[in-house]
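Here's a quick briefing to read alongside the model. Have the sequence open as you go.

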Amino acid sequence: MIRKDVIIIGAGASGMMCAIESGKRGRSVLVLDHAEKIGKKILISGGGSCNFTNINTSSSNYISNNPHFCKSALSRLSLPTSSECFKNTE
Ligand SMILES: Cc1cc2nc3c(=O)[nH]c(=O)nc-3n(C[C@H](O)[C@H](O)[C@H](O)COP(=O)(O)OP(=O)(O)OC[C@H]3O[C@@H](n4cnc5c(N)ncnc54)[C@H](O)[C@@H]3O)c2cc1C
């Protein structure tokens, strides 16, 4: 039997990010996906160029019933922080 600390269902952007963060915390991780290729939606995002982010993003660019969520999320994961995060996963 395979034993893992963390099992993630879905190897999209969210699942892979969770897997990376769990791995950084020393957890053994298993990511499951029913598709034949993982991260398929990432590959079609940005018209095939895999857009990562928009340097001019602000909370005003998001429509939400809770506008404070975007403010909070963007302040916790700023552009420099998220860019650094991806540099470290290369
Ligand atoms: C055409 C298009 C263009 C886009 N362009 C951009 C862009 O330019 N910039 C940008 O930031 N975002 C863009 N996006 C949005 C971005 O791609 C998504 O927000 C992001 O991929 C969502 O990630 P996710 O992990 O939440 O979901 P998903 O990518 O949908 O991942 C979910 C994963 O779970 C798997 N799964 C689902 N159910 C099960 C199950 N029962 N068992 C096992 N596996 C399962 C799926 O196969 C999939 O791999 C675009 C999206 C589309 C469709």
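Two strands count as paired if DSSP finds at least two bridges between them. Helices (H or I, at least four residues) and strands (E, at least two) are DSSP runs, numbered from the N terminus. This is a predicted model, so to speak with caution built in: local features need pLDDT of at least 70, side-chain atom pairs count only at pLDDT 80 or more, and totals for chains, interfaces and linings use all residues. Residues are numbered from 1 along each chain as its sequence is written.

**Strands and crossover**
- Strand 1 (residues 6-9) and strand 2 (residues 29-32) run parallel, joined by 4 bridges.
- Val 6 has Val 29 as its bridge partner in strand 2, and Ile 9 has Leu 32.
- Together, strand 1, helix 1 and strand 2 form a right-handed β-α-β unit (with the strands pointing away from the viewer, the path from the first strand over the helix to the second runs clockwise).

**Helix 1**
- The 12 residues of helix 1 should span 16 Å at 1.5 Å a residue, and the end C-alpha atoms are 17 Å apart, which agrees; the expected span is 1.5 Å times one less than the number of residues.
- After helix 1 comes Gly 26, with a positive phi near 85 degrees.

**Ligand shell**
- The ligand is surrounded by 17 residues, the closest being Gly 10, Gly 12, Ser 14, Ser 45 and Asn 51 (a residue is near if its C-beta atom, placed from the backbone, lies within 6 Å).
- Helix 1 (13-24) and helix 2 (40-44) are the elements giving two or more residues to that shell.

**Confidence**
- Mean pLDDT (the predictor's confidence in each residue, from 0 to 100) is 88 for the protein chain, with 97% of residues at 70 or more.
- Confidence is lowest in helix 4 (residues 79-87), at a mean of 78, and highest in strand 1, at 98.
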